[in-house]
Every structure is written in C-alpha cells, then in structure tokens.
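Visitor: I have a model open on my screen and would like to learn how to read it. Could you take me through its features one at a time?

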Amino acid sequence: MTTPALLPLSGRRIPTLSPGASSFPHHRATLRLSEKFILLLILSAFITLCFGAFFFLPDNSKHKRFDFGLEDVLIPHIDSEKEARHKESLRDKIRADHERALQEAKEKLRKSKEELKAEIQTEKTKVVEDLKKKDGPKPLPPVPMPKLVGVKDGDPGDPDTKEKRDKIREMMKHAWDSYRQYGWGHNELKPIAKKGHSTNIFGNSQMGATIVDALDTLYIMGLHDEFKDGQEWIKQNLDFSVNAEVSVFEVNIRFIGGLLAAYYLSGQEVFKVKAVQLAEKLLPAFNTPTGIPWAMVNLKSGVGRNWGWASAGSSILAEFGTLHMEFVHLTYLTGNPAYYQKVMHIRKLLAKMDRPNGLYPNYLNPRTGRWGQHHTSVGGLGDSFYEYLLKAWLMSDKTDTEARKTYDDAIEAIERHLIRKSNGGLTFIGEWKNGHLERKMGHLTCFAGGMFALGADGSPDDKAGHYLQLGAEIAHTCHESYDRTVLKLGPEAFKFDSGLEAVAVRQNEKYYILRPEVIETYWYMWRFTHDPKYRQWGWEAAQAIDKYCRVSGGFSGVKDVYSSNPTYDDVQQSFFLAETLKYLYLLFSSDELLPLENWVFNTEAHPLPVLERRGPEQTQLSLSMSLSYIL
C-alpha cells in the first residue's frame, strides 16, 4: 500500500491516496500507522490550520486589530508600508514558531515512555510548588522588638550558689540528652523503657513537645548546641497540618508560648512563623455560639469538642482563661486583631455573668453561656485563669487596669471563701464545691504563693504587705507538704482535717510527677524578699529529684512519696524541662537574669517581654484597634 501524501489546501493539510489505492483496507493490522506518526500528523495539521487561518482574517482597519506594539495604541493611523512590514514580520514569526513546535514534537516522540513520565512528574511538581508559594503564609509585618533585658548569664556571684546552679544545668543536660537519644521527635520520653511517649492532650501526633517546651530553658542556661539541634528539628519537622485532635490550652501554653519565648530570646524568625501557623490552626476552636472555645480542636479539620467528663460538655475556666498572654503577643507580632479580639470577648462575656459569692465556677457551657457545676478552685481547673488576669496587667506595662480590677475582685472573693488556717497554723487554699469548702489543697495550687507575691505591688488599699505575707504563708505550707514525706517531694494533693495536715490521704494523691509549682513559688518569693530559706528549700527539692527521680534514661515521676522504695511512673514530662528546671536555675541565678520588670512568665514558665508603652519607638507600635489598651 502506498503512503498517503500531504497536500496543502486552504491552509490545511489533508491526506490523499494514490490512484488505485483502496479506501478501506481489508486488514487493519497491515495498514496501522505508528502512534508517533499519527500524533505528529495531528499536531502538524493543527499548527498549519492556525497558520493558514491568520491569512483568512479580514483586513479591515475599521475592525479591532491585534496590538503588536505601542504604535497601535498611541498612533491612530499607520501608513500601509509600515503595516505591510508588520504583516511580513508576523508571518516570519509564525513560520519560525511552527518549525520550532514541529521540532519539539519530533524530539518528544523520540523519547521513551519512562522519560516522558519523568518529564510529566517534574512539571506536576513544579506546579504544586508554585501553588504552595502562591497560597503559602503571607510574610509577617516588621514590628519593633520589645525591650529585651537580661537574656543571658545571671551569674550569682558566690561560688556555693554557682555550684548549685551548675548542678541544675547538669540535670537539664541529662534530661535533654536522654530525650535526644531515646525519644527524639516524640512528645515526651519514657525514661525507664527508653522510648518516646505521648498523651491525649497532643492527640495521636508526634509534635516534639519536649523540644518546643525546653528551648528557652536551653537558651537561658547557655546550652547553645542543644538549642540549635532543637531549632533545626523545628525548622525541618514541626508540621501542624496533621489529622490530630489536641488540647487548645496545652498547645497554647507549651507550643505557642514556647515558640514565642524562643523567638524573643534568640531572634530566630522560624519560631515566630511556626507560632503563627499553629495559632491559625487553633482559631476554629472559637467557633461556638458564645465564643468560648472548645477544649480540643482537630488541627486539620478545625472541628472542636469538649472533654466528655467536664460537667455536661462544659469548657474549663483554666483552659479558656489561659490564652490572653500568648494571643496578645500574636496580635502584636502579626498585626492581626483576631487573636486579641478572641480573648477580650471572653473577658467581656465573663464580666457580664453572675458569680456565686463572687467566685468563678470552673465550668462554663460554650453553647448556652451558663455556668456548669458550681466548683471553684485555685488549683486544677481554675488556677491559671487568675494568674493570667494579673499577668495581662503586668504585660501591658500596667495599663490594662480592667484586668487588674478583675484580678483584685477575684482574689478578694477567694480570700473570703477559700483561704483558711489549719489547727496547726498552716494557711491553705481549699476548694469550693456546691456551697461547701473542701479542706484539700493540690500541688497545682501551690503556684498561688508566687502569684500573691507577684501581685502585691499594685494591690488596692495598701495591701501590698498583706499579699506578700500571704505568699510567704502559702510557700511555707507547700514546703511542709514536701517536708512531711519520706522522699522530701510533695504529693499531688494534701488535706487539712482529721488531725492530718499537709499530708496526702488517698493512694491516688501520693504521686509526684516532676511538677514545678512549689519551686515556682520559692523563686518568686526569693526575688521579692531575698530570704535565704527559699534557696535552701529549692536546693532540698533539687537534691530529692536528683536522688529519687533520676534514672539512666532521664527523670521519672514516682508513684508514692511516702515510700522509701517508690515505683516509677516512667514519664519525663515536658514541663519538667520547661518549668521545674528553669525555676530552679533562676532561683540560683542573679536577679539580672530575666528581671520581672521586663518579663512576664506564662503558665508554662515561658518568658514573654512586657509590651512597654514608653519609648521613642512607641509610635511604631500602633496596631490600630487591636492593642490600643497597651499603647
């Protein structure tokens, strides 16, 4: 059979058959053309069609023409000679394009199937990368760095104190190195089993909670190689686009707080960028009828819900009330008022609600806006709500007087209804349950001694001395809870009745999980009084931790502080590195390291700078409607 010839016809090419050739072959296989030839044929016909069609376009100056340059725009009339040159130039260009397209098609058809697939995959990857660049996070606006004072050193001066501080640093290095070796990338560490560990507050994701939580402690202690390791992991691996349901509260105080502190201390932009990326993932939790956020949110879907055990689906006071510090800094750094507006909405809603006996119940239903069970605590479920009222005032350079007034009113009600003295003279903070005071105090509540001392200056009615003394009394009570155990470590909760004072009664309250609250209060009391007993008490706790909680694979909590042979819980909590060891290190450092006039610590001990209202650069700090109360 003869091969078809290609003949031009009106700018198109069509196949014609030689005389005598059959129009319909009897055997399809004998006449099948190669796939490459057919593809070349179709491509050639299409390009030729386009080429020929150009010359059939009407050449009428009254019709709209293609613009080939500025002349057609700026000059309404062009002489015929110039227009002819344009046409000839255009013909040459189309011929060249045509030849180039044919050549490229031939080269494509010479390639193997695998080579073509590889080229297609390369193009797809490029498109995806271009889309990521287009849809990726917008660069954050430049903002002036707040005044940063005392971020390094803090040498205490005398050799004995320095030796103790060096010991705390060594404990931190042992905790970090163990995590680095056995649990790297996991949220926490199982130091006995020597493997990674996680809890439901982080969902099913491995987000490196210990890395983020420990960064600022590493920086403050001068462990810069370890800090760089953590920074590199965060840069390469910390990803919030995961299908994981996380605690809004825990992720805020540990991750956003930790990342912001690391940013302010080191100036590394990656921490700020990651903090903002995560914060955006938390915002859907506020999509409730009242604006009170859900306790948990899925980072991928944005779906939120509350803990099943929390008083008929309520949100928890200490969780939705412990967002203010981090969210104000997010608005400051991004210029996005949404973060500030979310937390201020919570404050305004609470201000309108009735409070039984002036107390804030621990549960609030986000659907109805009504209180749940009338249970008030300065320990678990309530604690950091009060802390953040005070610290909002401090962080605003003491201009957020609304926060201060709310704090003062709340503390007045707490003093009236919850604070008592035991028969043995120990001041304690009980829990209010349905009109009844339970004479029990939790380890978590021991932070309040430091809070009272921190809030003493600025108290109404010249009560600064009173609140400093109250802080000292709480510190003494909490020290007694440690001193009355075999291990010299405090239990999770302790009672003040039936002849027992500052002692745990139930077996499930006798454990110690490396908590920081007692040492936190020691540090605040040291800063405000310089009474040497606080350093002594802190050293006793540090020695007990090193003796009874240290294992070859890190540090573990113990299940019974009243037993001389305790069993381990096999968990090295991330807050042990973030809080417990940091407060111990600061306790044995000079006051010049992170001075309280310039820094406010979030509830996970992550230092955030005061946003000062004074200074020559202040005119640059305006964030329109978002931070006007600070400025």
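Visitor: Which residues does Thr 210 touch, not counting residues up to four places away in sequence?

Guide: A contact here means heavy atoms within 4.5 Å. By that rule, Thr 210 touches Trp 176, Tyr 179, Asn 187, Glu 188, Ser 574 and Leu 577, with residues up to four places away in sequence not counted. Thr 210 itself is found in helix α7 (residues 209-220). Helices (H or I, at least four residues) and strands (E, at least two) are DSSP runs, numbered from the N terminus.

Visitor: What should I know about the source of the model?

Guide: This is a predicted model, in which local features need pLDDT of at least 70 and side-chain atom pairs count only at pLDDT 80 or more, while totals for chains, interfaces and linings use all residues. Residues are numbered from 1 along each chain as its sequence is written, and side-chain values use heavy atoms, with hydrogens and water left out.

Visitor: Is Thr 210 buried or exposed?

Guide: Buried means under 20% relative accessible area, exposed over 50%, and partly exposed in between (1.4 Å probe, protein chains only). Thr 210 counts as buried because its relative accessibility is 1%. For the chain, buried residues make up 52% of the 631 residues.

Visitor: And how many helices and strands are in the chain?

Guide: The chain has 20 helices and 21 strands. Among its contacts between residues at least 6 apart in sequence, 68% join residues at least 24 apart.

Visitor: Which residues is His 417 in contact with, leaving aside its neighbours within four places in sequence?

Guide: With those neighbours left aside, His 417 is in contact with Asn 357, Leu 359, Trp 432 and Leu 437. His 417 is found in helix α15 (residues 401-417). Its C-alpha atom and that of Trp 432, 15 residues apart along the chain, are separated by 7.7 Å. His 417 also counts as buried, at 13% relative accessibility.

Visitor: How do I read a nonpolar core?

Guide: In soluble globular proteins, nonpolar side chains tend to be buried together. A nonpolar core is a set of buried Ala, Val, Leu, Ile, Met, Phe, Trp, Tyr and Cys residues joined through side-chain atoms within 4.5 Å. The largest one here has 163 residues, and those with the most contacts inside it are Ile 168, Phe 452 and Ile 545. Helix α9 (residues 248-266) gives the most to this core, with 12 residues. Apart from neighbours within four places in sequence, the contacts of Phe 452 include Tyr 407, Ile 411, Tyr 467 and Leu 470.

Visitor: How much space lies in the largest pocket?

Guide: On a 1 Å grid over the protein atoms alone, a pocket is an open set of points where a 1.4 Å probe fits, with protein on both sides within 12 Å along at least five of seven lines; lining residues have an atom within 4 Å of a point. A volume is the space filled by probe spheres set on the points, which are joined across faces, edges and corners. The largest pocket holds about 1,300 Å³ of space. Of the 50 residues lining it, the closest to its centre are Glu 250, Gly 380, Leu 444, Glu 492 and Arg 515. Helix α9 gives the largest share of the lining, 4 residues.

Visitor: What about Phe 249, in that helix?

Guide: Phe 249 lies in helix α9 and is buried, with a relative accessible area of 13%. Phe 249 and Phe 320 are 71 residues apart in sequence and 7.0 Å apart in space, C-alpha to C-alpha.

Visitor: Where should I look for a positive phi?

Guide: Most residues other than glycine have a negative phi. Ser 311 has a positive phi of about 35° although it is not a glycine, and is found in the loop between β7 (304-305) and β8 (315-316). Phi of Asp 153 is near 65°, also a positive value.
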